[in-house]
Amino acid sequence: MEQSTTVLDIDFGMSQLSGNKKLLFTLLGKFTDEYRSLDADLQAHVAKGDFNEAYSLVHTVKGVTGNLGLFALHNASKPIESSFRNDKRVAEEYPAFVAVLNETIATVDTLINEPEATAPAPANGAAAEQARKQLLSALKASEFIAQDKLDEWLDALALPQDKRAAIIDAVDELDYEEAISELENS
């Protein structure tokens, strides 16, 4: 099986999180915060001869990156993990691993720091009314609302960004009463 060199597969990451893009971006941000110093941390463990700790760090990175769709780093981690665990040494692929780590962090930083799209297009009256009815019905029935469906309804409503964000936050928190209140007062 060929190993993926895809730095970030957003569709895969979202599929792991039921289509919740906001959660994916939050987790990606936490990933970069946590592993920005990974190279220095690994070098410190190696300098102390603590290959078990170095292995543990890379093993965790390998698992996290596989779940978030950071496939190039996931695959680059494998020989590093194996070398730390089995040979108690730094693999010859280590410089390539660090290059992929830095590329991954830069890619995620760019993605999560991109400004959101500006104001949505004006809503079509009939489509907006239909979306409002469907969203209210789902909220009142306390139904699970997939992120893509919620985005579709909110796009049709063309609400101001603050109202849209308030509704999304309420739905994410499963506070449907608050979401209904925000929707009815928009």
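The following legends describe close-up views of a predicted model.

**Figure 1. Confidence along the predicted chain.** The mean pLDDT of the protein chain is 87, with 92% of its residues reaching 70 or more. Residues 117–123 form a stretch over which pLDDT stays under 50, and for this stretch the model has eight contacts beyond four places in sequence.

**Figure 2. The largest nonpolar core and the surroundings of Phe-97.** This core has 31 residues, and those with the most contacts inside it are Leu-28, Leu-38, Leu-42, Phe-84 and Phe-97. At least two residues of the core come from each of the helices α2 (21–35), α3 (38–47), α4 (51–68), α5 (71–87) and α6 (94–112), and α6 gives the most, with eight residues. When neighbours within four places in sequence are left aside, Phe-97 is in contact with Leu-38, Leu-42, Leu-73, Ala-76, Ser-77 and Ile-80.

**Figure 3. The salt bridge between Asp-172 and Lys-22.** The structure holds ten salt bridges, and one of these joins the side chains of Asp-172 and Lys-22 at 4.0 Å, N to O. Because Asp-172 lies in helix α9 (residues 161–172) and Lys-22 in helix α2, the pair ties together parts that are 150 residues apart in sequence. Asp-172 counts as partly exposed at 29% relative accessibility, and Lys-22 is likewise partly exposed, with a relative accessible area of 41%. Both residues also belong to a network of salt bridges that links Lys-22, Asp-169 and Asp-172.

**Figure 4. The salt bridge between Lys-149 and Glu-152 within helix α8.** The side chains of Lys-149 and Glu-152 meet in a salt bridge at 3.1 Å, N to O. The two residues are three residues apart in helix α8 (residues 147–157), and so they are separated by about one helical turn. Lys-149 counts as partly exposed, at 30% relative accessibility, and Glu-152 is partly exposed with a relative accessible area of 46%.

**Figure 5. The salt bridge between Asp-151 and Arg-164.** In this pair the closest N and O atoms are 3.7 Å apart, and the bridge links distant parts of the chain, with Asp-151 in helix α8 and Arg-164 in helix α9, 13 residues apart. Asp-151 is partly exposed, with a relative accessible area of 23%, whereas Arg-164 counts as buried at 14% relative accessibility, the limit for buried being under 20%.

Definitions and conventions. Residues numbered from 1 in each chain as written. Predicted model: local features only at pLDDT ≥ 70, side-chain atom pairs only at ≥ 80, totals over all residues. Heavy atoms only, no water. pLDDT = per-residue confidence, 0-100. Contact = heavy atoms within 4.5 Å. Core = buried A, V, L, I, M, F, W, Y, C linked by side-chain atoms within 4.5 Å. Buried < 20%, exposed > 50% of the residue type's maximum accessible area, 1.4 Å probe, protein only. Helix = DSSP H or I, 4+ residues; strand = E, 2+ residues; numbered from the N terminus.
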